[in-house]
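Thanks for making time this morning.

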Amino acid sequence: MTLVTRLTAVAIVTFALCGSSIAQSHRTHHDSPPASGISSEAQIRERLNAGTIGLAGGLLEGAPIRFATEIARVVNDGDAVHVLPIVTRGPTENVNDLLYLKGVDAAIINSDSLEEYKSQVPQIQQRMTYLLNLFPSELHIFVRPEIRSLADLAGKKVNFNTQGTAAAYSGPLIFSRLGLDVEKMFIPHPAALEQMKRGEIAGVVFVTSKPVDAFVKGKWEQGFKFLAVEYSSKFEDYYLPSYLEPADYPNLVAKGERIATIAVPTILATFNWRSGSPRYRRVARFVDELFSRVDKLKSPGFDAKWKDVNLAARAPGLERFQPAQEWLDRASPTKQSGHP
């Protein structure tokens, strides 16, 4: 190879390497966001997270996720408070989410869900607090004509709806407290009601807010009825007394009759965040927005159960979140809220 040829080859290689380096530098320069852009994104991230509340609701078909969504509709206020409703496996599982799942600041739970965690978390009632007693879910024990008392159900087939529902959790727990041993079934209630009409099942247990369409709109032969469950000391920890009345079920409860039962409160709860911590302050802002706008939730266009929500109503089994109690005290300075 001549000297001229070698010099030409060297020049070509050098030019190619320089061009590649320049191109790489050009790409790196344009692919990397400017320092001001990184700072701006960090500020957006910090601002959004500072006001965001993760609210564990429940199954898509249940009332809790509907309540969570309606809370978000009313409370969301730009970046100051931003509620994210979360679809979960139900109010019982929500206790687990509130205790351990990152991003969950509040949850809708059933009061007796705490029972399951007593052995796992001995100080469960100090780890959690409540904001609101939202609505009660009444116990409905509906039975065939030949069943005349709770004792008659012993050893017979009783359906508690599918696993994950309030009835499937609270129902067996309540029956255990009553000392009532039955053959438990966990199939969808519509199927169970048909089997009950044919005499294959002795009774069904619903744990939900009254009135229940299946009992209001269903056609039931004479003798099908609700059984009474009297409120007593064995239910004082998580439950409240309630009644099924003619106004609820005109075709099943006679005029002038009241059938005693118990109710499982559905509670808006929060972790017992350390006072002054960022999560504590975040939930405190959420409380201010929610409590000041509850009247809007009671207006047309929202779930009718909101009309019965009383800010001062206490929730059995838990203490109230301190900022929530302080809000109530400011709103009613002449008396301690939640007491007669």
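For residues 334–340, where pLDDT stays under 50, how many contacts beyond four places in sequence does the model have? The model has 11 of them for residues 334–340, a contact being heavy atoms within 4.5 Å, and pLDDT being the predictor's confidence in each residue, on a scale from 0 to 100.

Before going on, a word on conventions. This is a predicted model, in which local features need pLDDT of at least 70 and side-chain atom pairs count only at pLDDT 80 or more, while totals for chains, interfaces and linings use all residues. Residues are numbered from 1 along each chain as its sequence is written, and side-chain values use heavy atoms, with hydrogens and water left out.

The protein chain averages a pLDDT of 86, and 86% of the residues score at least 70. Over residues 1–31, however, the pLDDT is below 50, and that stretch has 1 contact in the model beyond near neighbours in sequence. Where pLDDT is low, the predicted coordinates should not be read in detail.

Now the overall picture. The protein chain has 11 helices and 11 strands, which are DSSP runs numbered from the N terminus, with helices being H or I of at least four residues and strands being E of at least two. Of its 340 residues, 45% count as buried, and buried here means under 20% relative accessible area, with exposed being over 50% and partly exposed in between, using a 1.4 Å probe and protein chains only. Among contacts with a separation of 6 or more, 74% come from residues 24 or more positions apart.

Let me turn to helix 7, residues 189–197, in which His189, Ala192, Leu193, Gln195 and Met196 are buried. Seen down the axis, these buried residues fall within an arc of 160°, so they line one face of helix 7; the arc is that of the directions from the helix axis to the C-beta atoms. The partners against which they pack are strand 4 (128–143), strand 5 (157–159), helix 6 (166–177), strand 6 (183–185), strand 7 (203–208) and helix 8 (213–216). After helix 7 comes Gly199, with a positive phi near 85°.

Asn159 lies in strand 5 and, at 0% relative accessibility, counts as buried; leaving aside residues up to four places away in sequence, Asn159 touches, among others, His189, Ala192, Gly203, Val204 and Val205.

Most residues other than glycine have a negative phi, and most peptide bonds are trans. Asn161, in the loop between strand 5 and helix 6, has a positive phi near 65°, and at 18% relative accessibility Asn161 counts as buried. The peptide bond from Lys210 to Pro211 is cis, with omega near -5°, and Pro211 is found in the loop between strand 7 and helix 8.

Finally, the pockets. The largest pocket has a volume of about 800 Å³ and is lined by 35 residues, of which Glu61, Gly62, Ala63, Val207 and Thr208 lie nearest its centre. On a 1 Å grid over the protein atoms alone, a pocket is an open set of points where a 1.4 Å probe fits, with protein on both sides within 12 Å along at least five of seven lines, and lining residues have an atom within 4 Å of a point. The elements that give two or more residues to this lining are helix 3 (63–75), strand 4, helix 6, helix 7 and strand 7.

The second largest pocket holds about 150 Å³ of space, and of the 13 residues that line it, the closest to its centre are Asn133, Phe135, Pro136, Leu240 and Asp308. Strand 4 gives the largest share of that lining, with 4 residues.

How values were computed. Grid points are joined across faces, edges and corners, and a volume is the space filled by probe spheres set on the points.
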